[in-house]
Amino acid sequence: MLLSSASQDEAAQAILGLGQTLLASNKLSETISLLTDFITTTLQSGYVADAHLYLADALMAAGDPVAAMTHYEAVVQAYPGLALYAREWQGNAAFAAQEYESALEIYQACLGEAGTASQQVFMWEKIALTYAALNDYDNAMAAYDAILDIARIAYYRARIMYQAAETALAFGENTEAYS
C-alpha cells in the first residue's frame, strides 16, 4: 500500500529526526547509514537537503571530510540563503582533508560574500590559518593585518595579535613575534 503524501512527509520527518538523534548521540556509522539510505531513496522529499547537512556533519565527525564536501554542496544548492555557511563548512572539510589550496579558494570566495564585519574577520582568520598551513608566512601575516584593519573590539584585537605572534614564532620569526 502506498503512503499518502502526508504520511510520507511524516515518515521523512521521523527518519530525519532519528538521524539527528543518532548524530547527537555520536552514533556516526548508524547516522551515516540511515541518512545515506534516506537520501538515495527519498529523492522528492523536502527534507533531503537537511539530510545532506546532517550526513556531512556525521562524515566530518567520522573523519571523512572529502565525502562531507559533496553533501555540503547539496546544502548550498538547496538553500541559497545558507550558501555562505555551507561553503565555509566545505572549506573546513577541505582544510581537514589537508586540501589547503581548495580550502583557501573556498574561504576567499566566502570572504567576497561576507556581508558583515564579523563575517569578514571570521573568514580572514580561516584564510590566515590556511596560508600558515601552506607555509606562506607573508600572506598569513597579511591576513592577520586585514583582520586588525577591520576589528575594533580590544579583546578580539589582542587575540588576533597573539595568534599572529604565535604564527610568527612557528615560522621562526622571533623578532617579529616579540615586537
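Predicted model: local features only at pLDDT ≥ 70, side-chain atom pairs only at ≥ 80, totals over all residues.

Residues are numbered from 1 along each chain as its sequence is written, and side-chain values use heavy atoms, with hydrogens and water left out.

**Entry 1: overall form**

I looked up the secondary structure and found 10 helices and 0 strands, where helices (H or I, at least four residues) and strands (E, at least two) are DSSP runs numbered from the N terminus. Along the sequence the pattern therefore reads α-α-α-α-α-α-α-α-α-α. The radius of gyration, taken over C-alpha atoms and compared with a globule rule of 2.2 Å times the number of residues to the power 0.38, is 20 Å, well over the 16 Å that the rule gives for 179 residues, so the protein is more spread out than a compact globule. I also recorded the box that the C-alpha atoms fill along the principal axes, which is roughly 75 × 30 × 25 Å. Of the 179 residues, 38% count as buried. With contact meaning heavy atoms within 4.5 Å, I read that residues 24 or more positions apart account for 44% of the contacts with a separation of 6 or more.

**Entry 2**

Two packed helices are described by the angle between their axes and the distance between the axes. The axes here are lines fitted to C-alpha atoms, for helices over the stretch in contact, and the angles run from 0 to 180 degrees between N-to-C directions.

I took H5 (residues 83-96) with H7 (residues 117-133) and found that their axes come within 12 Å and cross at roughly 15°. That makes H5 roughly parallel to H7, given that angles under 35 degrees count as roughly parallel, over 145 as roughly antiparallel, 65 to 115 as roughly perpendicular and the rest as oblique. H5 passes H7 in a left-handed crossing, that is, one where the near helix is turned anticlockwise from the far one by less than a right angle, clockwise being right-handed. From H5 the contact uses Leu-84, Tyr-85, Glu-88, Asn-92 and Phe-95, and from H7 it uses Gln-119, Phe-122, Met-123, Lys-126, Leu-129, Thr-130 and Ala-133. I sorted this contact by class into 7 nonpolar, 3 polar and 2 charged residues, with Ala, Val, Leu, Ile, Met, Phe, Trp, Tyr, Cys and Pro counted as nonpolar, Asp, Glu, Lys and Arg as charged, and the others, Gly among them, as polar.

How do the axes of H6 and H7 cross? The axes of H6 (residues 100-113) and H7 come within 9 Å and cross at roughly 160°, and the two helices are therefore roughly antiparallel. This crossing is left-handed. The residues of H6 that meet H7 include Tyr-107 and Cys-110, and among those of H7 that meet H6 are Met-123 and Lys-126. By class the contact of H6 with H7 has 11 nonpolar, 3 polar and 1 charged residues.

Leaving aside neighbours within four places in sequence, Glu-88 is in contact with Tyr-107, Cys-110, Phe-122, Met-123 and Lys-126.

I then went to Thr-167, which lies in helix H9 (residues 154-170) and is buried at a relative accessible area of 8%. Not counting residues up to four places away in sequence, Thr-167 touches Ala-132, Tyr-137, Ala-140, Met-141 and Tyr-144.

**Entry 2: loop residues**

In the loop between helix H1 (5-24) and helix H2 (28-41) I checked Asn-26, whose phi is near 60°, a positive value in a residue other than glycine. Asn-26 counts as exposed, at 55% relative accessibility. Gln-98, in the loop between H5 and H6, has phi near 60°, again positive in a residue other than glycine, and is exposed with a relative accessible area of 58%.

Last, I looked up Asp-136, in the loop between H7 and helix H8 (137-150), which is partly exposed at 23% relative accessible area. Not counting residues up to four places away in sequence, Asp-136 touches Tyr-131 and Phe-171.

Definitions and conventions. Buried < 20%, exposed > 50% of the residue type's maximum accessible area, 1.4 Å probe, protein only.
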